[in-house]
Amino acid sequence: MVTTELDLKKLNQDIATLRKNRENVPLELLKTKYKKPYAKLKEEIRAQFEIYMKHIIVLGILKTGPDLTGAKAKSMVDQIQKIIDEEKAAGHQKEVTRAVFEEFNLAKAENLACGYYTDRVKYEIYAPYWLEHIHQEPDGKVTSDLLPGMTWHPEAGVWVSFSEPSFTLMMPPTQAGIDAQHKEDTERFKKYLKEVRQE
């Protein structure tokens, strides 16, 4: 089996080509005279988009430790697959695919995939793992062994490193903080769905 690397630039170009074909060539011709190149183009988009979807779905799993192996890793993969299957059964995969193949809108497909898949993976599967790696230091600072050298800055709601000035927007260090973030993300996605479905 050939493993394909994600080429986002090519994916965007291919979607633009597909759009041009569909707008300028009758569908009947695409399915007869240009059947082979048309099928090849669609297959290339499908293959690239599948890889892209995998990248999007595990976006929430940005940091993992050496403990994520064996049964623990397998359990996480199985749980992710369960979410993918549930969202497919709910018809959301069709909606994401339609955004690419009929609306030629990769940004919309990405937003839908994040709302349906990534957020669920992040909050249902990754959050419990993330919380196992949070530590309260004797000086009161909150750290995570997944973010070496960084401490939680509650006022700003970010993880900060002072040794080399930088910050990251990983999850908060408490279940309450994660729940609040999840609620915000869910509301934002509901609002987004309302907007795009009115198109």
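This is a predicted model: local features need pLDDT of at least 70, side-chain atom pairs count only at pLDDT 80 or more; totals for chains, interfaces and linings use all residues.
**Entry 1: Thr143**

Beyond its neighbours within four places in sequence, Thr143 touches His133, Ile134, His135, Glu137, Met150, Thr151 and Trp159. I then checked where Thr143 lies, and found it in strand E2, residues 142–144. Is Thr143 buried or exposed? I have it as buried, because its relative accessibility is 15% and the cut-off for buried is under 20%. One of its contacts is polar: the side chains of Thr143 and Glu137 are joined at 2.6 Å.

**Entry 2**

Strand E3 covers residues 151–153 and runs antiparallel to E4, with three bridges between them. Thr151 has Val160 of E4 as its bridge partner. Four residues separate E3 from E4 in their hairpin, and there Gly157 has a positive phi near 70°.

On the next pairing, I noted that E4 and strand E5 (residues 166–168) are antiparallel as well, joined by three bridges. Trp159 faces Thr168 of E5. E4 and E5 also make a hairpin, with four residues between them.

Which residues of E4 are buried on each side? I found Val158 and Val160 on one face, and Trp159 and Ser161 on the other. Both faces of E4, residues 158–161, are therefore covered, since all four are buried at under 20% relative accessible area.

**Entry 3: the core**

Next I looked up the largest nonpolar core, which has 49 residues. Trp159 is among those with the most contacts inside it, along with Ile45, Phe49, Val100, Leu112 and Trp130. Six helices each supply at least two residues of this core: H1 (8–24), H3 (35–57), H4 (70–89), H5, H6 and H7 (175–197). Which helix gives the most? It is H6, with 13 residues.

I took Phe49 from that list and looked up its partners. Leaving out neighbours within four places in sequence, Phe49 contacts Leu11, Val96, Val100, Leu106 and Ala109. Val100 is also one of the core residues with the most contacts.

**Entry 4: Phe104**

Last, I checked a backbone angle. Phe104 is not a glycine, yet its phi is positive, at about 55°. Where does Phe104 sit? I placed it in the loop between helix H5 (92–101) and helix H6 (106–131). Phe104 counts as buried because its relative accessible area is 14%, against a cut-off of under 20%.

Methods
Residues are numbered from 1 along each chain as its sequence is written. Side-chain values use heavy atoms; hydrogens and water are left out. Buried means under 20% relative accessible area, exposed over 50%, partly exposed in between (1.4 Å probe, protein chains only). Two strands pair if DSSP finds at least two bridges between them. A nonpolar core is a set of buried Ala, Val, Leu, Ile, Met, Phe, Trp, Tyr and Cys residues joined through side-chain atoms within 4.5 Å. Contact means heavy atoms within 4.5 Å. A polar contact is a pair of N or O atoms within 3.5 Å; within protein, one must be able to donate a hydrogen and the other to accept it, and residues adjacent in sequence count only if both atoms are side-chain atoms.
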